[in-house]
Amino acid sequence: RDRPLAALFSVAAASPDPPLRGSRSVAALSKDELKYLLTYLVHVPHLDTQELGFSFVLDMRLSSANWGNTKIILQVLQRNFRGLVDAVYVVQPTKFLAKHSTGVSLRRESKDVDFEVVYLSSAAKLEKHIEMSQLTAEFAGYLPYDHDQWLLMRMKLERFLNNSYDIVARLDELFDLMSQSRVADDLTAAETMLRRHQTQHDDISETPAGVLTQGDQLLQSLQASLHHKRPDGGVVMTPDTLQAMSRVRVQLEAVRSKQLCLESLWSERQGKLQQCVSLLRLTAMSTDIQTTIAALGKDNLYGHRAFGNSLAEAERLRQAHEAFTKDAMAVRSDYEEVRRRSGQLLSSFHYATANINTILDDLAAKVGAFIGKVGQRGTLLMEAIDFH
């Protein structure tokens, strides 16, 4: 920052020698490219910092610097960042003729911009406007800065942020799935939905895993580079690194919060789908019992009025009825299993309590009537034997 606390950018108005790895000089950029570059850079600081404005140091000391490069930079700042720029500090070229021509051109050009343009004959005069702790080594300051390291950090940060945004979007899609309340109407569909839902738990746990690891590693790397010692023994905490750490923490928290919320929703829906499957299985058991009752009754009870015209025939009918009674008692056993399962579902606060009670009451009435008829026919057959 400069002394008015505006965020500070230093720009070389020529190609560095030797060139920085993987970079292009500002002088080689078109106006549109320069605009995109500066737009990105001014959004790097926190919003609170952006509101304080920006200042620029244009370094024209390199032999390849010329007024044309500086003019383009001033024009781009004026046209695209009006109101954001507080001041531009131009460090003049070292050669006398270049220094003179630049000074003349600068005074003329500065009349057409809204921000202050300060022309400095040497980098040493920057100290009047900017504390040395805010200047890097090329301006005799002691703010630590490694361009390659900064680029690597920014690329890691941008990759992490882009990945985390994609993951949050994917988790939002899963959120919509987990928020569904629909359940199936038949057992096969319900079991399919339950199996599919169980596989979605892997998505919830595995989808964010990579970006969470990436963010944790980036945060450790940023923390390791956070503190730098000054020549006087003090410590510099770079705002850029602090801001990057804050953004990483925010995104990590967003991803983890989404994941925890999805875990909760998944468990809730898992419970409901399991209840749905249990209810439909209970319904199927009830239907099977009623089908069995109908079949057994048709073959052995309903429409059968014979009691035997002799003792031998009555005894034969009684023996056949005893064999039938064993099958009928299996119906009672199945009914008891339905009662047991119904009790478990009711005690688990099932969402369809009323349906379960209806199934249980209806089945109890039909099983009771069936068992009653079985007992009644057995009693009549014993009386027939006694009669003969």
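**View 1. Strand S2 beside strand S3.** Here S2 and strand S3 (residues 85-91) run parallel, joined by six bridges. Strands (E, at least two residues) and helices (H or I, at least four residues) are DSSP runs, numbered from the N terminus, and two strands pair if DSSP finds at least two bridges between them. Look for Ser-55, whose bridge partner in S3 is Ala-87. This is a predicted model, in which local features need pLDDT of at least 70, side-chain atom pairs count only at pLDDT 80 or more, and totals for chains, interfaces and linings use all residues. Residues are numbered from 1 along each chain as its sequence is written, and side-chain values use heavy atoms, with hydrogens and water left out.

**View 2. Strand S2 beside strand S1.** Strand S1 (residues 7-12) is also parallel to S2, and six bridges join the two. Ser-55 turns up again, as the partner of Leu-8.

**View 3. The two faces of S2.** Phe-54, Phe-56 and Leu-58 point one way, while Ser-55, Val-57 and Asp-59 point the other, and all are buried. Buried means under 20% relative accessible area, exposed over 50%, and partly exposed in between (1.4 Å probe, protein chains only). Because six of the six residues of S2 (residues 54-59) are buried, the strand is largely enclosed by the rest of the structure.

**View 4. Ser-264 in helix H8.** Helix H8 spans residues 239-300 and holds Ser-264, which is partly exposed at 46% relative accessibility. The C-alpha atom of Ser-264 lies 9.3 Å from that of Met-178, 86 residues apart along the chain.

**View 5. Two cysteines.** Cys-261 is partly exposed at 35% relative accessible area, whereas Cys-276 is buried at 2%. Counting a disulfide as a pair of cysteine sulfur atoms within 2.5 Å, the total is zero.
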